[in-house]
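With the model open in a viewer, follow the stops below in turn, selecting each element as it is named.

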Amino acid sequence: AKVSHFRSRLQLAADSASVATAEAIALQPDVASDPDGRGSQIASSVFKSHAPRGVGTPTVAVKSGAMAVTATVGYVGVAPSNFGSALGYAGVSVDASSTSPARIADFRSTVAR
């Protein structure tokens with residue numbers, strides 16, 4: 001049950017991080033020239049705020065186009081196991097991945113002059 005809860009929290013963290021990253025990059029087109037750098041900062045911060053304590057840094061990939069941004073956040077690690085040491089292992093391998101798209105807002109004026 002503990003490992004299942006750990007996996008659920010990891011997935012929630014990956015989902016939250018990918019959504020936040022895609023939306024942040026889509027709302028700030030000026031950072032689109034370095035979406036991976038800014039995206040990694042955003043994703044890492046959001047991921048760590050939602051993930052179980054002690055997890056590492058997620059992998060982040062951001063693709064930015066003229067109309068949309070897609071952020072993918074993934075994590076591979078080990079979940080602690082209470083009874084695993086008695087059976088010969090200290091943890092269980094876990095992973096989580098999430099991909100989120102966000103549409104880049106079009107701020108051009110639609111008022112005819």
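Begin with the open sheet, whose three strands run in the order E1-E2-E3 with antiparallel pairing; strands, like helices, are DSSP runs numbered from the N terminus (E, at least two residues; for helices H or I, at least four), and two strands pair if DSSP finds at least two bridges between them. Select E1 (59-64) and E3 (91-103), which stand at the edges with a single partner strand each, so one side of each is left without a neighbour in the sheet. This is a predicted model, in which local features need pLDDT of at least 70 and side-chain atom pairs count only at pLDDT 80 or more, while totals for chains, interfaces and linings use all residues. Residues are numbered from 1 along each chain as its sequence is written, and side-chain values use heavy atoms, with hydrogens and water left out.

Between E2 and E3 the antiparallel pairing extends over 13 bridges.

Finally, show helix H1 (residues 2-27), which packs on the sheet and touches E1, E2 and E3, contact meaning heavy atoms within 4.5 Å. The direction of H1 makes about 25° with that of E3, where axes are lines fitted to C-alpha atoms, for helices over the stretch in contact, and angles run from 0 to 180 degrees between N-to-C directions.
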